[in-house]
Each structure stands twice: as structure tokens, then as C-alpha cells.
Amino acid sequence: MDVMVETRDLAKTFSGDHGAQIEAVKGVNLEISKGEIFSLLGPNGAGKTTTISMISGLVEPTRGDAFIGGHSITREPLQAKRLLGVVPQEIALYPNLNARQNLEFFGRMYGLGGEDLAHRVDDALEFIELTDRQKERLSTYSGGMKRRVNIAAGLLHDPQVVYMDEPTVGIDPQSRRRILDTVKLLRDQRGMTVLYTTHLMEEAQELSDRVGIIDHGEIIALGNQGDLIQKVGEEDRLVFKVGDWTPGADLLERIQKQVEGVTDAAFDPAGADGQDRANTSGLLMITARRGRRALPAVLHLIEAAGTSIQSVEVHEPDLEAVFLKLTGRALRD
Amino acid sequence: MTKLWVIALKELTTRFTDRNLLLIMLAAPLAISTLIGLAFGGLGRGGSPIRGIPVAVVNHDRRGQYGVAFGDVLLNLLTEGTIPSGSVPSGSTCPQPTETPSGNSAGGMAVGELIHGTVFDDAAAQKLIKAGTVPAASPAIAASEALDQAARTAVDKGIYTAAVIIPAGFSSSMTGMTNPTRMPPSVSVAVYGNQGDGLSAGIVRSVVEGIVSQMVSGDIAIGATMSQLAARHPDVLASAVNQDFGNLFACAFMPSGDLVGLVEEPVQAAQSSIAGTLLVTIGSAQAMFFALFTGQFGILSMYEERKNWTLQRMLTSPTPRWAILGGKLVGVLASVLFQLVALIVALTVVGSLIEGRPTLIWGTNWVALGLTVLGAGVAVSGLGMLLAGVLKGIEQANVVGSVLNIALGVLGGGFGFQLPRSVSAFSIIYWGRDAFDQLATGHGNVTLNLLMLFGQGVLMFGIGLWLFGRRFEA
């Protein structure tokens, strides 16, 4: 299969305070095939944005290179960019201009003009169902409508690769559904390659042909969902809400040793001390093969330690579990 | 290159579709200038705050042909607000104007109210020398020159706002124009203004110009009449006595008379009213003051575009960086120029409405006017680029840029008062305003102003671009 996006030893080092060198991306190697939806996942500060910025030509790599349709983004940036469409997370449009003016402007930035541009804008407006409101200022649109125009502006020149950065942030479920369907249509009908980033694991699961997980500037996992889940051992996660109570290290050790199938036991305290500051309760997290079978024994040990459990959740293996296992953090962190 | 123009056009479109921005760019300076122009110059007969401008009048003139003393006419108009007795040959009877005369007025106010003229003769000069205010002149220089020097020094010291120096041979020069075969040497009335009070000095200049131009207009008309009379009826001319012509001249040259109707030309070559002077002075300073904001925030909107990700969207398109920056700059410069031109046109309309007739208040030197507008645009855009290079973002620019603009406005005379030139010359507003003032009076040399505007603009632009390029990353 043709490779549409490729990175070779892509790296970026920034100069920090007092001359310190911060290696944000440490030599990323990726290959994304034509017609593939590839999701790049990573917690904040993992190097995801820097990687994407280098691929799209916004930031110059310190080392290595990225290729779009075989064109180097550092040596042939204009040719590479012609093949790339960008749909940023922000509504990157001019609020004083109407939808048509915005689309025409960004179309011209891709070298479109004349009747071809007019037709493409007509088609795009029809596709996003805003033909009747095309002459109204963007500032009068709802969030969902703006986001649809935002997507159309990135697709107007019919790119071979489209990068979508959290395109469903801040919109209603109906608009979100429509956008996800659009992404699939782009792949299925137009054969576009989609590079997708999201904080919503269910979106990544629904859309992605393959997923790359980046942390500390490195790709730590790469493959389809089945591959990744297998990689972490198809284990269930049991999450116990325990309120203000903090278990001793001996309890965690006992659970791990005495309950059959348990492979890991960890505690995430409530509030500022924990990984998720928004947590109002301490979370006791147990990883186990056949988690439901291990549940009664774990419950017994916790209650024997002298606390009452507020709630219990059993998570089947999914990308979230993979992400948590590999990065030690939830995707929303 | 096409994309550069597309971006520039987008800049103009986004700018001129923003109602708030339009309010700042056009409506505010127009409203402020018009209000000040109306309050100070147009409507306030007897109520204007500008009155009694102290002026020293030095008169070296003597009676010329036909016995008319034009120097005395001018001197008395400036000191007393009336035509002096004795300047017109005895027995003169002037025909009455067919319409109600406007009086010895300038912009709706009597000259006597507006200008407080003082005869500056040897006695007045000696008084100042004795008081130690003015140094005694070197004995080597002529007495008349010493008198002029003393008057100028008195102006520099702030005793007078302006000195009007009527040269010897003024009357001869005026009446001599009627006889083309014996043209006397050309002389001109000098108006020496205090540079620290350009507004009042400009008004004095306008008033003097108005009176003298009316005298010249009358002179030309009388000359033409006499030529025609001599050609058609030599017998009548031969029988006429000089006294009759003296009478004719005296009446024609009265600023209140309409015997010679040339003062009612539909378009004036240079503004000659207080309202016009004020509109030019305050309007140009206001236009430049508000253009500073347009220039600065236009270029600094690059940060806004980065924040909104529209810049990144452009950068991820196959558009070279130079085209993006160039388009932005061309768009900003075009916005500033459009703003300045729009204000100039609008203030011309306002000036004409105040005057009650079409009045080119900015003068008629179109090339110099165009260059001044361009220079002003380059200067304010250059300052915007410099700030974009120095400041760290739009928030900082809002504070620092606004404070700086207000400071430049105060220094440059954008708020209705003027500081000494030694201070105001630090403001680009001064160089623009001064150029517009000079062009409006019709005989100013604005080369230095243009050099300052273009020079400062290009220099600031270069430094700003260099700093901006070093610091700015998407």
C-alpha cells in the first residue's frame, strides 16, 4: 500500500530557560498508508502537537524529516503542503467574514481560483448544509456550524492527506456524529488519508484503522486496536472508589499476591495528590485477567482492611486501558 | 505574488467590515476634528476661545502710486481692525457693495477680535531692548533690518505669536502691477510665526494672506480694466486724473468692498479661513494619531491570527512566509492610506460646509499632498512593525501601544494644543501635521518633513522586521 505520510527520525529540541535543551520529540518514525485513518494519542506534553506541527510544516525539525506523498516537508514544503489539508482544533476562520468569504480566502491560499473555486465553495457549502446562510457573518453562527465551516476550509482543495486536531471539541452530540461520519466518508469515498488526534478514546476506537501512542517524545505503541490490546495482555481493570481512605502498601501487596489473576494493584489518591486532580475520591485500581472472577476476593480484602467501598467499575480491555497501562496516565490528563 | 495580494485584500476586507474598527479609524477623528473646527473656527463668532492673538506688525511701506498706502491698510486692519483714515486719498467715495459685506472677517470672526496687533516700530523695539528682553542689534546692520530682527526675537521669546513684516515698496509693488511696462520689483509680506504655537501663527498667516490676496485680486482687475479702457477709449484715459484712479484703487482694495469680485472665486488655491486652518491642523494630527492605532494593531494582529490559528492555517497552506508577511504589511499600509485619504476628503467636505463654498483646505499641491499621505502611512506602519518586533503580544501592545500613541499625539499636537518644536519634533505626528499645515498655506517646503516621515518609517520598519523575524514562530 502507498505510504502517504512518513516520518524518519523526526526530532525537535527546544531551548528552555537558562539555556537548557528540551527534547520534545526524540526521533519519531511513522508510516501512514493511503486511505488510512491514523490516530495519534498522547497525554499533554507528550510531544504530539510538536510532531504534528513538524509534519504539517509549522515547526522546523531539529533532526530528521517528514514526507507527504513523498515530498519532504523541509526541502519541498510547498509541494508537500499542497497535498495536506489541516483542520485545527481552533475555529481558524475570520469572524467578520461570512462563510463563503472564508472558504474563498483559504481556497485561494491553496492556489484555487476562478470558476473552479466558486464550484468547490458551492459544493462545500452544500456538503456542510450552510448554503442558505453563506452570506452571514461567521460570528453569527453556532459552534457546530462554525466547526463545519472549519472542516470545509481544510478540505476545499481536495487534499490527499488531512490532519484533524480534535474536530469534535465543544459541539453537540448530533454535530459530533455528523463529523465522525464525514471522516469515515473521506476515507471510504475519497480515499483520503486522515491523521486524527483526540482526547476521546471512543472516537479513536470508532474511527482508527491504526493508533500511535506517543509519550515523552517517543512512539511507545503503534498498531491496530487488537494489536495494542494484546500488547497489554487483555486484562480487565477493576476500579474501586474508596473516598478519603488511603490503603497501606501491604494491602496492595496482599491483593496482588493472594488473589488469583491479579497482575497489578495501584492507588490514586483523591484531589491534588492524585494523578487526576478532579477526582473527589481515592481510586484503587486493580489489573487482572478475568477481572470479574477476581472481584469478590478483592472486595473481601478491601473490606477486611476496614473501609467501605463507594462504587466499583469493571473495565474490559480497550484503548483507554492500553493508554493507561503504557503511559500511567488517563488520556484526558 | 498573487497570494500576497489575496492576503492584502483580506486584510482590507476584515478591517473595513469591522464596525468598531471603522468607528476608531474614521468616525472618531472626523468627529473630533469637526467639532473642534466648528467650535474654534466656524460657528463661534464672538464666542471662539481663540482670540486676541498677539502680533507684532512692522511696517516699512510708504505711499505708492495714486497716493494709496497699502502698508497702512494692512497694518491698521491688523492693529485696529479698520481701514485707516488717510490711507485713501481725500474725497474718495466708494460705491456700496451690492450684497451685505462679510466685514473684515476671517472664518466668521472680525479680524480685530481675532488678532491683537501691535505696531512694532523703533520705539517698541527700544522698549524691549531697554527691558533686556531683546538684545540690541549690531550697529553694522541697517535700521530696518534691526527692527525686523527685534520683532523676530520678540516672537521667539513668546511676547508675540507672530510678526507681520510689511516690506518697503509694498504699495508701489501693488499699484505698479497695473502698468506691465514698468513692473516694480516683487516684494512679499513676511509672517514670522512662533513654532511653538503653529496653530495661532497659521491663523495669522491665513488672515494676512486673505487680505493681501484680496488686494492683489483687486489690483489685477483694475489693471485689466485700465488696459481695456486705454485700448478702447484713449481719450477717456487721457482725461482722467490720477486722483480718480487713486479713489478707484482705494475702494477696490478695501477688504469689505465687493467692487472687484475676485474674492468670490468658487475655489481657493489655499485655505484662508480659521476653520480651514483648524481643520487641517487638528484634522491631520487626529488622522495621524488614529492611523497610528490602525498601523500598530494591523501589524500586531499577526499575534491575534496566531492565537486564532488563522496564521497557522495560512502557514500550513502552500504559501511562502514572505507572501504572508508581505500581504499583511501591504494590507495594513493600504488601510492606513485609505484612512488618511478618507479623512482628508471628509474634512474637505466639512471645511467646505463651514465655509459655505467648495474649499480645498489642504492646498492644491497634489503631488506633495500625496507624498505626505504616503510618508505618513509609511511612518505609522513602520512604527507598528517596530512595536510588533519589540512587544511580546497583543495584550502588551494594547497597553504599551496605546500609551505610546497618546504620548506621540500629545507631543505632535493631536489634542488641540502644541508644544515647542524642540519637543514635538520627536513625534512622527508633528512631521505629518506640519507638512499638511505647510501645504495648506500653499507655499510650504515639505522636503524635510517627507524625509523625516519616510526615513523614520523605513528605519523603524527595518528594525521591526528584523526583530519580528527573529522572535516570531507560529
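## Strand 8 of chain A, buried on both faces

A residue is called buried here if 20 or more other C-beta atoms lie within 10 Å of its own. Keep that cut-off in mind as we look at this predicted model, starting with strand 8 of chain A, which spans residues 193–197.

How many residues of strand 8 of chain A are buried? The count is 5 of its 5, so by the cut-off above the strand is mostly covered. In a regular strand, side chains alternate between the two faces of the sheet. On one side of strand 8 of chain A sit T193(A), L195(A) and T197(A), and on the other V194(A) and Y196(A); both faces are covered, as these residues are all buried.

## Neighbours in the sheet

Which strands does strand 8 of chain A pair with? Strand 3 of chain A (residues 37–41) runs parallel to strand 8 and is joined to it by 3 bridges. Strand 7 of chain A (residues 161–165) is also parallel to strand 8, with 5 bridges joining the two. L195(A) takes part in both pairings: F38(A) stands opposite it, and Y163(A) has it as bridge partner.

To get from strand 7 to strand 8 of chain A, the chain passes through helix 6 of chain A (residues 173–190), making a right-handed β-α-β crossover.

## Into the core

The largest nonpolar core has 81 residues, and V194(A) and L195(A) are among the members that touch the most others. I68(A), A152(A), V161(A), V162(A) and Y163(A) belong to that group too.

What does V194(A) touch, leaving aside residues up to four places away in sequence? Its contacts are I37(A), F38(A), V162(A), M164(A), V183(A), L186(A) and R187(A). A separate core of 59 residues includes F293(B), L340(B), I344(B) and L439(B).

## Chain A as a whole

Stepping back, chain A contains 11 helices and 14 strands, and 42% of its 333 residues count as buried. Among contacts in chain A with a separation of 6 or more, 70% come from residues 24 or more positions apart.

## Where chain B meets chain A

The contact between the chains draws 22 residues from chain A and 19 from chain B. On the chain B side, helix 1 (2–16) and helix 12 (310–315) each supply at least two residues. Sorted by class, that side of chain B has 9 polar, 6 nonpolar and 4 charged residues.

Technical notes: Residues are numbered from 1 along each chain as its sequence is written. Chains are lettered from A and ligands numbered from 1 in the order in which they are written. This is a predicted model: local features need pLDDT of at least 70, side-chain atom pairs count only at pLDDT 80 or more; totals for chains, interfaces and linings use all residues. Two residues are in contact if their C-beta atoms, placed from the backbone, lie within 7 Å. Helices (H or I, at least four residues) and strands (E, at least two) are DSSP runs, numbered from the N terminus. Ala, Val, Leu, Ile, Met, Phe, Trp, Tyr, Cys and Pro count as nonpolar, Asp, Glu, Lys and Arg as charged, and the others, Gly among them, as polar. A residue is buried if 20 or more other C-beta atoms lie within 10 Å of its own, exposed if 12 or fewer, and partly exposed in between; C-beta atoms are placed from the backbone. Two strands pair if DSSP finds at least two bridges between them. A crossover is right-handed if, with the strands pointing away from the viewer, the path from the first strand over the helix to the second runs clockwise. A nonpolar core is a set of buried Ala, Val, Leu, Ile, Met, Phe, Trp, Tyr and Cys residues joined through C-beta atoms within 7 Å.
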